Structures are given as C-alpha cells and as structure tokens.
Amino acid sequence: MRLLLLGCTGFVGRELVPFLLNLGHQLTLVSRRPRPDSEAADPRLITLCFDPSDPASWRQPALLEALAAADGVVNLAGEPIADQRWTPAHRQRLLDSRIGTTTQLVGAMAALTTPPRVLVNGSAVGYYGTSLEAAFTEASPPGDDFLARLCARWEAATQVAPEACRLVVLRVGIVLGPDGGALGKMLPVFRAGFGGPVGSGQQWMSWIHRHDLCRLIVTALEDDAYAGPYNAVAPEPTRMGIFASSLGRALGRPSLLPVPGPLLQLLLGDGAAVVLEGQQVRPERLLAQGFHFQYPELSAALAAATTPAHR
C-alpha cells in the first residue's frame with residue numbers, strides 16, 4: 001500500500017516505520033522536523049516537512065498530492081501527554097496537535113474525488129476517564145475529565161471522514177518499549193536500584209507492547225473487517241504496584257522505593273493524573289475479531305522490552 005503517516009516519527013514510529021517498510025509498503029512521512037542526514041535513505045520512504053496541525057500545510061501541493069496518492073493513512077499525531085506541567089499553553093498544544101491535525105486531515109480527505117481507502121487514527125484509553133473499580137470496554141461511555149474530553153473531541157473530528165474511507169480508531173494504552181514512553185523513563189531508575197510504584201500503587205495500568213501495537217496498526221490497514229473504535233491494550237491490565245514489582249523482577253533489581261504522588265504533582269501539575277490515576281481497559285473487540293497478541297502477558301512483555309535482543 002501507499003501510506004501517508006502523520007505523527008509517526010516518535011516512540012511508536014521508530015518501530016512502525018521500518019516494520020511497514022519490511023512489509024513492502026511505500027511511505028510518505030509528514031513531520032515538523034526534517035529527517036537527519038545520518039539516516040540511511042530508502043527509496044520507498046519520502047519525508048515531507050510540514051506541521052500537520054497548521055491549516056496552511058494543507059494548502060501545500062506536495063502534501064495534497066501525497067494524500068491523493070495514498071491508499072491508507074495512519075494519524076498518530078499528538079504532543080506527549082505527561083512530559084510537562086499542564087499550563088494553559090500546553091493544554092492548548094495537546095488539543096491542537098490532536099484535534100487540529102485530525103480536523104485538517106479529514107477535511108482534506110473529504111475534498112478528494114477518490115479518498116484513501118482506510119484511515120487508522122489515534123485516540124487513548126484516557127477516553128474513559130479514571131477509576132479504581134470499573135472495567136471499560138469499547139461500549140463504555142466517555143469520562144468527563146480533561147483527557148476524556150480531549151479524546152472524545154479527537155474521535156469526533158474523525159467522523160467527517162468520507163464514507164468511502166474505512167475508519168479505525170485505536171484507543172491506545174501505555175505503550176511498552178525500552179527507548180521511550182513510560183517504560184523508557186522508568187528503566188534507568190529501576191536499573192539503578194531506586195525503582196518502585198508511583199503513587200498508591202493501586203491505580204490501573206492498561207498497556208500494550210509496542211510491537212503488538214505496530215502489528216495492530218498493520219492489521220487495521222490491511223483487514224477490511226476492522227472498523228470503528230478498538231481498545232489498543234493487552235488483555236492483562238495490571239495495577240501499578242504489580243507493574244513495578246514485575247519490572248524489578250525482569251531486571252533483577254529491587255522495586256521497593258515508591259514515588260510519592262505529591263512529588264509527581266509538583267513536577268507535572270495536572271499532568272500527574274495520567275500516572276497517579278488510571279483505568280482498567282479490556283480489548284473486547286480485538287479479542288472478538290481474533291487479533292493475536294504476541295505479548296498478552298505483562299511478564300513476557302517486560303522481558304521482551306528490557307532484554308538487549310529486543311532493544
């Protein structure tokens with residue numbers, strides 16, 4: 001397939017892009033930053049340097065031509081959620097990078113005589129709000145906190161995609177990989193022997209190994225049976241305390257030093273809620289459609305994400 005990729009230059013994209021190339025797809029990667037000259041050139045990979053949240057980018061012939069030529073689109077664009085304090089300016093960047101990009105993308109698709117056949121669009125398990133007790137499936141209603149409202153608006157922006165385009169929305173959980181995301185930040189601390197649960201340790205973590213997420217994106221692109229929202233999480237959500245002890249075991253290091261919630265709130269402000277609160281999310285629709293997780297269990301996923309052969 002000829003694919004247009006938005007927001008695929010970060011943590012997930014580092015595995016997704018070579019994975020798609022190895023499967024024989026032709027890629028056009030849209031990024032705000034040019035690819036470094038040190039990266040080996042691949043004739044099947046074109047990079048366009050545009051900000052996809054900027055309406056002016058969608059008036060550029062190069063981007064419009066790439067969209068018109070695409071068989072499918074993957075849109076994972078969005079500023080990192082829990083990297084800094086949620087100042088009013090940062091909240092606006094969180095909104096613009098997701099809702100603005102998606103609105104501009106589907107508007108440009110709707111203007112095409114022959115739009116791409118499939119759009120795989122990101123969302124997040126934050127859609128459901130947070131809870132210590134409830135379990136959420138794709139049929140659960142959205143929550144009412146900032147992240148839930150963001151995700152609901154993000155998903156609503158996809159609904160004006162052309163009818164001829166099959167829409168798949170992935171509500172992604174915590175993505176596990178050694179070189180980024182939550183696990184990437186935790187690994188140096190745990191390897192130094194200072195790891196432990198964050199906050200109470202009772203909050204839920206709904207997670208997915210990065211390789212399974214990449215496989216899911218490919219499946220959603222290639223399999224016409226996939227449509228609508230899917231919880232992109234493994235079948236085994238876990239509580240933070242269990243996650244910390246499992247990570248300690250995988251590394252052969254202690255995991256007894258908790259990170260106090262107030263310290264995290266001091267560092268991240270409202271953004272600490274992403275780590276201190278959580279949700280138990282089940283991939284009901286993926287299991288019903290027979291998606292095979294390579295890493296359905298936490299211990300195997302952590303072992304794969306922390307051994308040199310998988311890094």
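Guide: Two strands pair if DSSP finds at least two bridges between them. Strands (E, at least two residues) and helices (H or I, at least four) are DSSP runs, numbered from the N terminus. The model is predicted, so to speak of a local feature takes a pLDDT of at least 70 and to count a side-chain atom pair takes 80 or more, while totals for chains, interfaces and linings use all residues. Residues are numbered from 1 along each chain as its sequence is written, and side-chain values use heavy atoms, without hydrogens or water.

Start with the sheet. It is open and has 7 strands, in the order E3-E2-E1-E4-E5-E7-E11, with parallel pairing. At its edges are strand E3 (45-49) and strand E11 (228-232), each of which pairs on one side only. From one strand to the next, the twist averages 20°.

Angles run from 0 to 180 degrees between N-to-C directions, and axes are lines fitted to C-alpha atoms, for helices over the stretch in contact. Helix H6 (residues 210-222) lies across E1, E4, E5, E7 and E11, at about 165° to E7.

Now the helix pairs. Helix H3 (residues 88-110) packs with helix H4 (residues 146-158) at an angle of about 15°, and their axes are 8 Å apart. H3 and H4 are therefore roughly parallel to each other (under 35 degrees; over 145 is roughly antiparallel, 65 to 115 roughly perpendicular, the rest oblique). On the H3 side, Arg-91, Leu-94, Leu-95, Arg-98, Ile-99, Thr-102, Thr-103 and Val-106 meet Phe-146, Leu-150, Arg-153, Trp-154, Ala-157 and Thr-158 of H4 (contact: heavy atoms within 4.5 Å). By class, the contact of H3 with H4 has 8 nonpolar, 3 polar and 3 charged residues (Ala, Val, Leu, Ile, Met, Phe, Trp, Tyr, Cys and Pro are nonpolar; Asp, Glu, Lys and Arg charged; the others, Gly among them, polar).

Helix H7 (residues 240-251) takes part in two further pairs, with H5 and with H11. Helix H5 (residues 181-191) packs with H7 at an angle of about 60°, and the two axes are 11 Å apart. H5 and H7 are therefore oblique to each other. H5 contributes Leu-183, Met-186, Leu-187, Phe-190 and Arg-191 to the contact, and H7 contributes Phe-243, Ala-244, Leu-247, Gly-248 and Leu-251. Sorted by class, the contact of H5 with H7 has 8 nonpolar, 1 polar and 1 charged residues.

The other partner is helix H11 (residues 298-306), whose axis comes within 9 Å of that of H7, the two crossing at roughly 50°. H7 and H11 are therefore oblique to each other. From H7, the contact uses Phe-243, Ser-246, Leu-247, Ala-250 and Leu-251, and from H11 it uses Leu-298, Leu-302 and Thr-306. The contact of H7 with H11 has 6 nonpolar residues, 2 polar ones and no charged ones.
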